Amino acid sequence: MVDIKRIKEGEYEVIAIKGEVDASSSIELDSAISDAINDGTKKLLVDCTSLEYISSAGLGVFMSYIEEFKKNNVNLVIFGLNDKVANVFGILGLDQLLKIEGTKMEAKALLG
Amino acid sequence: MFSRKAIIRLSTVFAIISWVGLLFTDLSVVFSATNNLKPGISADIPPVMLSLFILSLFIFFKYRIEKAESINFVDLLWKVFVTGLITTIVSLAFRLFLNLLGSTKLVQNVIFLDFIYLINLGLICSFLISTFIVWKRLILYQKSKFLLTVWQIFEYSLLFSLLYNVLPIPAVRDLEEYYSVLLVLMGVFLSANMKWVAYLNFKQKWKSILLIALAMFYLGYFAFTLFSLASDIAASTAAFADFRSNVFITSLIAFIFIYALFSLLVILFNLPTSSVFEQKLEEVVNFQRLSQSIQTEQSEERVYDILLESAVSTVFADAAWIEISSNGQKSQFYTQGITVKEIEAIKKHISDNNVRGVLDRSSDKTINLNKYLSTLKGSRFRSIMAFPIYVKNQQLGTLALLKDVSDGFNKEMTKIIDTFTNQAGISIENFRLLSEALENERYKEELKIAKRVQSSLLPKVLDHDGDYEIMAFSEAADEVGGDYYDSYRVGKYKIALVISDVSGKGTSAAFHMSQMKGIFHSLAQLDLSPKDFLVRANKALSFCLDKASFITTSFFVINSKSKTVEFARAGHCPTLFYDAEHDQASYFQNKGLGLGILRNDEFGNYIQTNTFHYKCGDIVVLYTDGITEAKNAKGEEFGYERLQKFIERVHKKSVQEIQKDLIRELYEFSGTRSIDDDYTTLIIKFK
């Protein structure tokens, strides 16, 4: 269903999500993000170029880390959302709380 | 045609008549012969009478014994013995009478001798034929087609020999001896069928030996008596029914004697091995008990008990135990003839001596190691054999068997007990599967109750004004779901309306849905603005929802006096509005944030309130994402555009029809009735 990879790119850590994130596969996403935080990553990029679908449970994973990111001074940028997935983020209002960019370049630029 | 009883009675009468006929004709023939009188009756008549008598007896015993239900071998032999006993007693009574007369003239009289002879002949015929029928049943026990054919040939040949005596054709008479020899040979061949002997147990074998020996004794006695009588009579006259020339009687005597002798010898030689056969039989019975224990027994303990019992009785063990060890828990022991203290001592001894394989959890196969106990001091036992009990490829425990002699177990026993433990493992596994299935059934029932409770949380009828029609439909993907809608009358013209979708689905979503209902009914009473409602609901839910859960909600206040709808959206799917005046549908694009996403005071900053005036024919469609995200076989979503086009198409219909059409269209689109998310619609049409 879903394939999640963590790639270290210099000071950035990229979490690439491929496929569909639903209630069962959201657990994998959750552990990937939590591992990245535990490794001390401060600049986190989420590559959603190949993300085809995300359910409310998947959105709940991003949502649940908002407070923690703030507390630990972690910056997370999501990029490469397709229209459909971007719409899901938009309807829920998560686009107002998370940093979302179009490309990896833009995302890196935002993080500095 | 005739009932069995009638045939038996009829044959009895015929037998008596024909014997009496034989008596009188033979006596008269002998009388005329000895007194040189012209015979009044032909000498051919007595043999005919004899043949008729034998035939009647044959029919009588055939129906009497052969058709009886019982196939207990000892009972059959008992019948032979009793018939023999009765006939012998009668015969002895006449002999006694003869002896009492001493050497009087009467005893010398050949007529009187012939009378005695004929009585004995009648008795031996009944004994022979009844025994013959019994032998037939014994031989044909476990019959094959071939055996049956041979037997039938034998039986018909015997009966044919009766005809032989009646038709005195001289040329054929010369072949008499060959015919007898042929019959005897066939009898010998048939006598090799002794399968029934194997099914006797030790005690039955002894009984059978006794009964057969006695039957042989009777036979010998009769044969001797008849021979001496016949030769006495033959000294005076040749014109009497001499059995010595009767092929039927002589062959039958030979056959019965041969089979009796064979049986006696076979049983005698089978005596020492009968315990082995009994043991095998017991193994089968024990094995069956183990297999059946799964269906009948109420607990695993009973399976262990049966295993222990069966194993001990099958290999004649002096003691045994089953140790059931579950991880981290104290071992449980089922014992027979041994105490747990002794078991511990044996186990310690074995592990001290570094014997791997016996009682060793880590080894995959425990083996038979007889000798290792011989060095254990203070123990009664000298040999041990242990087997693992596996359930789902995991060792559940060990079965150990002990004997007080060294090298007490052989390879055969190892095999048998190995099968027993395997069967017990299967029984336990099945037993556990059955329990699991029952447990699952119980959960299903619980879920059904949950479904009932939850459906009662959704209102049957939504409160509304005469100003508009309203209709709702909701379906959960699992038994219970996280969709919610409700209405509350705030004032005479004011109604609050809510639609919510809890993140995720199933049981956890259902719990949050019920919290949402509580919050709605608490806050709606306060006559709050949509934004205030959402802010307070968010605050309340901040303490209720788990970290990764949120609820999307749209809240509406419909005022039928001012004909306005004020609403706000908390991350819920945008409301679809059909404007009747312009004949077009569109989604309200106000901003919002799901409840529980931001659990602080900033939440209010993300909520926008919207207001619109409604006119006759306007339609508002509320829905959850289960509708727009429903997929077809190609993976396409139903989507916003399709929903929008749909409402533009059906806007003239009543809410009931619109709702029905929408559900139908949704099912047609997805091609299935099982949509994998909860979905809800709520349609309002203004008048």
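I began with helix α8 (residues 176-190) of chain B: at 1.5 Å a residue its 15 residues should span 21 Å, and the end C-alpha atoms are 21 Å apart, which agrees. The expected span is 1.5 Å times one less than the number of residues. Helices here are DSSP runs of H or I with at least four residues, strands are E runs of at least two, and both are numbered from the N terminus.

A note on provenance: this is a predicted model, where local features need pLDDT of at least 70, side-chain atom pairs count only at pLDDT 80 or more, and totals for chains, interfaces and linings use all residues. Residues are numbered from 1 along each chain as its sequence is written, while chains are lettered from A and ligands numbered from 1 in the order written.

Which residues of α8(B) are buried? I found Leu183(B), Gly187(B) and Leu190(B). Buried means 20 or more other C-beta atoms within 10 Å of the residue's own, exposed 12 or fewer, partly exposed in between, with C-beta atoms placed from the backbone.

Zooming out, I noted 20 helices and 14 strands in chain B, and 38% of its 687 residues count as buried.
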